[in-house]
Amino acid sequence: MNVKYLEKIRETGLKEVESGWIAGGAAAVVKDGKTVYSCGFGKADIANNIDMDEKTIVRLFSLSKPVTACAVLRLVEQGKLDLYSPVWWYLNGFKDAQVWDGEKLVPANREIRIKDLLHMTSGVLYPEGGFAGEKVGELMGTNIKNPDDGVLLSTVELANAVGKCPLGYQPGEMWHYGLSADILGAVVEVVSGMSFGEFLKKEIFDPMGMEDTGFSVPEDKLSRCAKIYDDKGNGLEEFTECFLGLADPMKCRKPMFESGGAGLTSTITDYGKLAYALANGGLSADGYRLLSAKSVEYMRTPALTESQKKGYNGWESMYGHSYGCLVRVLDDPANSMHLCSKGEFGWDGWAGTYFCADPENNMATLLFLQRCGAGTNRFTRLVKNIVFGAME
C-alpha cells in the first residue's frame with residue numbers, strides 16, 4: 001500500500017473544513033495488523049481551539065450497533081443464547097406483540113426472535129415511521145426529565161416498555177431501521193447477569209485495549225472530547241439537543257439507559273482495533289479472539305430477501321448492499337457508490353462516524369466526524385476511493 005498516497009485523505013479533509021461543512025475529523029487505515037495511516041484535521045472544539053486527532057473522543061451513535069452485534073455473537077458462541085429464541089423469553093414486554101397494519105392493531109403473526117433483532121427485521125421502530133414510531137417517541141419523551149440525563153429508564157426497563165408499543169411491521173416482513181440493537185443490549189444484560197456496559201468492558205473493551213470506549217466519559221478525559229456541530233443556515237454551531245433519548249456522555253457519568261444502538265463513545269484508535277479484528281476473521285492485531293471466524297462469517301453474510309430490502313430503498317449508502325448482523329454487507333459491487341471489495345462490511349453513525357472491514361484485503365478503513373446527519377456521505381466515499389487508489 002502506498003502510504004504517502006493516503007495523505008490525500010488529510011488534504012481532502014482540510015478542504016471540507018475550509019468549506020465550513022465540518023469542524024474537523026479523523027481517519028485511519030489498519031492493514032495486516034498495523035495502522036498504516038492515521039490523521040486528524042480541523043477542530044474537535046472550535047470555541048476552545050482544540051484540534052481533532054486520533055485520540056479525540058467522539059459520540060459513535062449508530063456505530064455502537066456493530067459492537068452490540070459482537071456482544072450478542074459472543075453469547076451465542078458461549079452457548080448462552082439461541083438466535084432462534086423468542087425475545088419475550090428474556091424481555092417479557094415482548095410477549096403477545098401487536099402490529100399496526102396502517103388502520104388498526106393486529107396480533108403479530110409470530111414471535112420476534114433474536115435473529116430478527118440482529119437483522120433489523122423485527123418491526124421495532126425508532127420514534128418515526130407513522131403510528132408505531134410515534135408511540136415509541138411518546139414513551140421516550142415522557143421519560144426524559146433532564147435532556148443531559150436522557151431517558152430515565154434502565155436498559156431493560158426501556159426495552160420492556162418498547163415491547164409493549166406496536167410494531168411497525170410483522171416480524172420478518174421488512175428491514176426497517178429502529179431500536180433492535182437497543183433491545184439486544186437489554187437481552188445481553190439478562191443473559192449475562194451484568195449491566196450491558198459491564199459486559200462490554202469485560203468481554204470486549206478491556207481485552208481489546210479499548211481504554212477510551214464506553215457509555216460515559218471520565219472527568220479526566222473530558223478535554224479530549226469533540227463537540228457535535230450542526231448548520232441550520234448560519235454556519236456551524238454546537239449541537240446540544242437530546243437525540244434518541246440518549247444521555248450526554250460528556251455530562252452524565254452513569255446513564256440509566258445504556259444504548260446498544262447509539263450510546264457509546266470512542267476514539268478512532270480504539271475503534272480501529274475492533275474494526276481490524278472483524279476484517280481479520282475475529283482475531284485482533286494483539287491476538288485476542290473477539291469472535292470465531294465462523295461468527296464473523298455469519299455476521300457478514302447477506303441475510304435479506306429482495307422483499308425485505310425494500311425497507312431501505314433510497315438509502316444511497318445501501319446501494320449494492322445487503323444486511324447481516326447490524327452491519328451492511330456489500331454483495332453487488334457494480335451498484336456501490338464507491339470503490340470497494342465484494343464482501344466488505346461495516347456501518348456508520350448519525351454524526352458521521354464510519355468504518356468498513358475488508359476481509360479480502362485484511363484491512364479496515366475508518367472516518368470519524370461530528371456533524372449532525374452526516375452518516376455515510378460524499379466525503380466518506382472520497383476517503384474510500386483514496387484508500388483503494390493507494391492499493392498496489
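Predicted model: local features only at pLDDT ≥ 70, side-chain atom pairs only at ≥ 80, totals over all residues.
## Cysteines

The whole structure holds zero disulfides. Cys242 is in no disulfide, and the nearest cysteine sulfur, that of Cys252, is 10 Å away. With a relative accessibility of 25%, Cys242 counts as partly exposed.

For Cys372, the closest cysteine sulfur is that of Cys242, at 13 Å, which is too far for a bond. A disulfide needs two cysteine sulfur atoms within 2.5 Å. Cys372 is buried, and its relative accessible area is 8%.

## Thr155

Thr155 belongs to helix H5, which covers residues 155–163. This threonine is buried because its relative accessible area is 2%, and buried means under 20%.

The side chain of Thr155 reaches the backbone nitrogen of Glu258 at 2.9 Å. Beyond its neighbours within four places in sequence, Thr155 is in contact with Asp182, Gly185, Ala186 and Glu189, and also with Met256, Phe257 and Glu258.

## Helix H6

Helix H6 runs over residues 180–192. Its 13 residues should span 18 Å at 1.5 Å a residue, and the end C-alpha atoms are 18 Å apart, so the two values agree.

H6 is mostly covered, with ten of its 13 residues buried. Just after H6, Gly193 has a positive phi of about 80°.

Terms used: Residues numbered from 1 in each chain as written. Heavy atoms only, no water. Buried < 20%, exposed > 50% of the residue type's maximum accessible area, 1.4 Å probe, protein only. Helix = DSSP H or I, 4+ residues; strand = E, 2+ residues; numbered from the N terminus. Polar contact = N/O pair within 3.5 Å; in protein donor to acceptor, adjacent residues only side chain to side chain. Contact = heavy atoms within 4.5 Å. Expected span 1.5 Å × (residues − 1).
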